[in-house]
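Could you walk me through this structure? I'm new to it and would like a plain tour.

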Amino acid sequence: MANTIVRLWRWFRGLPVVRTALKPASTLSLAFLTLGGFAAGVIFWGSFNTALEATNTTEFCISCHEMESNVYQELQGTIHFVNRSGVRAGCPDCHVPHEWTNKIARKMQASKEVWGHIFGSISTREKFLGLRRHLAEREWARMEANDSLECRNCHSAVSMDLAKQNPRAAQAHERFLFTGERTCIDCHKGIAHRLPDMSGVPGWQ
Amino acid sequence: MRHSWLLLAAVLLAGSTGGSLLAQDAPRLVGPEPFTAEQEAPPMQRQITDDVRVMRNYPDQPPVIPHSIEGYALDLNANKCMSCHARRFTEQSQAPMISVTHYQDRDGNTLGGLAPRRYPCLSCHVPQTTARPLVENMFADMDELTEPERQPGDRGGR
């Protein structure tokens with residue numbers, strides 16, 4: 001076993017490309033290599049972030065017809081799209097974590113969505129409706145797991161003025177939200193999209 | 001002949017001005033003139049969301065909804081009303097339970113859950129707005145008719 005590893009390592013070190021990479025540069029100056037490396041790093045990181053931001057917009061999401069003709073149409077009638085103060089929440093505001101590590105993790109998971117788009121898993125309205133419960137459950141589970149982080153990016157419990165709320169809402173928030181017994185998504189399902197068949201979902205009947 | 005023309009003109013004038021005075025607030029039921037013209041929509045009325053229960057005008061009147069129901073799902077997939085008003089959720093929501101009649105089918109048999117015929121809540125229960133009625137409501141409560149001497153006057157209801 002150890003012998004095999006040693007032999008593999010020797011073979012790797014012996015490869016022409018590896019040998020060249022490990023030799024000191026003979027024609028390029030140290031300044032070129034360091035400054036050039038720095039510049040290349042800036043360009044790489046800049047373009048990576050630009051691409052990340054470009055794929056993190058509502059416009060990018062609805063460039064696929066699955067999103068544009070189903071969930072985006074439903075979002076348009078809701079308070080997260082049009083309201084008295086003119087604040088709008090787009091797709092990534094609720095569906096992509098804002099914090100870097102989790103955002104990258106979600107972006108990797110999204111490769112499944114690219115797969116789904118290519119192979120048309122929800123390419124028609126019927127297919128979409130058939131999978132709606134499954135899709136919704138994934139989002140509910142994600143929000144339950146992170147304590148409705150995407151809601152709380154805008155709606156924080158500490159900045160909630162209960163006196164300004166409807167007494168009914170204030171009571172419910174005091175009893176369930178502030179005690180930590182429930183998280184936003186437990187009660188506020190289907191606020192931005194239509195609901196799937198809710199039979200068997202806790203709190204519904 | 002001349003007099004009758006004058007009379008007709010006077011009647012027409014009185015009718016048109018008087019009519020326009022009366023109809024200042026109420027939209028005309030016949031629509032715009034000519035009918036192809038586009039009519040400005042009246043402003044949306046604010047919903048009454050004070051959570052105060054409203055007295056029923058007769059015992060089996062469906063109670064009106066004293067809160068906003070904007071965005072509440074009520075379709076084949078989901079019934080948001082039942083998330084608070086169903087029997088098993090009234091403890092946590094403190095909302096009034098739907099009437100026992102809603103657990104019975106039309107033959108009077110008690111069912112395990114909400115009777116399908118009672119599913120579309122908004123067929124009978126509706127939210128209220130601050131809109132002024134187009135026509136004054138002359139409804140008289142039954143108590144006012146049977147016991148007029150015991151009425152305190154304006155009952156303050158809507």
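Let's start with A:S148, which counts as buried because 21 C-beta neighbours sit inside 10 Å, and the cut-off for buried is 20 or more. This is a predicted model, by the way. You'll find A:S148 in the loop of chain A between helix 9 (125-145) and helix 10 (149-152). Its backbone is worth a look too: A:S148 is not a glycine, yet its phi is positive, near 50°. For context, most residues other than glycine have a negative phi.

Now hop over to chain B, where B:Q94 also has a positive phi, about 60°, without being a glycine.

Step back and take in chain A as a whole. It has 12 helices and zero strands. Buried residues make up 8% of its 205 residues. The C-alpha trace of chain A spans about 75 × 40 × 40 Å along its principal axes. Its radius of gyration is 25 Å, while a compact globule of 205 residues would come out near 17 Å. Among the contacts in chain A with a separation of 6 or more, 59% are between residues 24 or more positions apart.

Finally, where the two chains meet, chain A brings 14 residues to the contact and chain B brings 11. Sorted by class, the chain A side that touches chain B has seven nonpolar, five polar and two charged residues.

Conventions
Residues numbered from 1 in each chain as written. Chains lettered and ligands numbered in written order. Predicted model: local features only at pLDDT ≥ 70, side-chain atom pairs only at ≥ 80, totals over all residues. Helix = DSSP H or I, 4+ residues; strand = E, 2+ residues; numbered from the N terminus. Buried ≥ 20, exposed ≤ 12 C-beta atoms within 10 Å, placed from the backbone. Contact = placed C-beta atoms within 7 Å. Nonpolar A, V, L, I, M, F, W, Y, C, P; charged D, E, K, R; others polar. Rg over C-alpha atoms; globule rule 2.2 N^0.38 Å.
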